[in-house]
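Welcome! Please take a moment with the sequence and the model below, and then we can walk through some of the details together.

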Amino acid sequence: MRVTFTVNGRSESADDVWEGESLLYVLRERVGLPGSKNACEQGECGSCTVYLDGVPVCACLVAAGQAEGRVVRTVEGLADGDRLDPVQEAFVECGAVQCGFCTPGLVVQAHDLIERIPRPSDAEIREALAGNLCRCTGYEKILDAVRLAAARKAGAGSGPRGEEKGSR
């Protein structure tokens, strides 16, 4: 079958898609967007999280045919050209990127959280990221990155833990 959908603002088509093929496979192997990672293939780790019609989903659990006529936004689509999204910038600045395998899913999920709740509490951050597993970090730098991105998007001049800059 042929699947046609919008990915990061561009119309894309994939031919000869078989019924069991996942959206993740189509994005990575057919469309050439390797940002979303293939880890568990069971929706348990969150590494493949993308937006589907504005809602975060594990792309490994979505059959490619379900994307027909729909809008997909990947971690690559968060950036504006060469300019990273504030969430992406914060992950880099806070050292929340280690091996990088979990990073795309965490970034998409954090982006969604901040869009829904501009100044999330630590409990809200933890709950939003609960479906994303990271084996390299103790999660503190990831939490710092989400706090920093939220503060920047809200226009505040605060650091990653909410302190005013220069108060450390």
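**A first stop: R83**

R83 counts as exposed because its relative accessibility is 56%; here exposed means over 50% relative accessible area, buried means under 20%, and partly exposed is in between (1.4 Å probe, protein chains only). This is a predicted model, in which local features need pLDDT of at least 70 and side-chain atom pairs count only at pLDDT 80 or more, while totals for chains, interfaces and linings use all residues. Residues are numbered from 1 along each chain as its sequence is written, and side-chain values use heavy atoms, with hydrogens and water left out.

**Around the loop between strand 5 and helix 2**

- R83 sits in the loop between strand 5 and helix 2; helices (H or I, at least four residues) and strands (E, at least two) are DSSP runs, numbered from the N terminus.
- From C-alpha to C-alpha, R83 and C58 are 25 Å apart in space, and they are 25 residues apart in sequence.
- T74 is also found in the loop that runs between strand 5 (71-73) and helix 2 (86-93).
- Is T74 buried or exposed? T74 counts as buried, because its relative accessibility is 1%.
- The side chains of T74 and E76 make a polar contact at 2.7 Å; such a contact is a pair of N or O atoms within 3.5 Å, where within protein one must be able to donate a hydrogen and the other to accept it, and residues adjacent in sequence count only if both atoms are side-chain atoms.
- Setting aside neighbours within four places in sequence, T74 is in contact (heavy atoms within 4.5 Å) with V7, N8, L27, L33, S36 and V50.

**A hairpin**

- Strand 3 (residues 49-52) and strand 4 (residues 55-58) run antiparallel and are joined by 4 bridges; two strands pair if DSSP finds at least two bridges between them.
- L52 has V55 in strand 4 as its bridge partner.
- The hairpin of strand 3 and strand 4 has 2 residues between the strands, and D53 there takes a positive phi near 50 degrees.

**A nonpolar patch on the surface**

- L84, V92 and V97 form a nonpolar surface patch, with about 240 Å² of accessible area together.
- Patches are made of residues with over 30% relative accessible area and no salt bridge, joining like charges within 9 Å and nonpolar side chains (Val, Leu, Ile, Met, Phe, Trp, Tyr) within 5 Å.
- Accessible areas come from the Shrake-Rupley method with a 1.4 Å probe, and for residues only the protein chains shown count as cover.
- V92 belongs to helix 2, and V92 counts as exposed because its relative accessibility is 56%.

**Salt bridges**

- Side chains of opposite charge can pair when their charged atoms come close.
- How many salt bridges does a search of the whole structure find? The search finds 11, each being a side-chain nitrogen of Lys or Arg within 4 Å of a carboxyl oxygen of Asp or Glu.
- D85 and K153 meet through their side chains in a salt bridge (3.7 Å, N to O). D85 lies in the loop between strand 5 and helix 2 and K153 in helix 5 (residues 140-153), so this pair ties together parts that are 68 residues apart in sequence.
- D85 counts as buried because its relative accessibility is 9%, whereas K153 counts as partly exposed at 30%.
- K153 also forms a salt bridge with E115, with the closest N and O atoms 3.0 Å apart. That pair links distant parts of the chain, 38 residues apart, with K153 in helix 5 and E115 in helix 3 (residues 103-116).
- E140 and R147 form a salt bridge whose closest N and O atoms are 3.3 Å apart. Salt bridges that share partners join D122, E140, D144 and R147 into one network.
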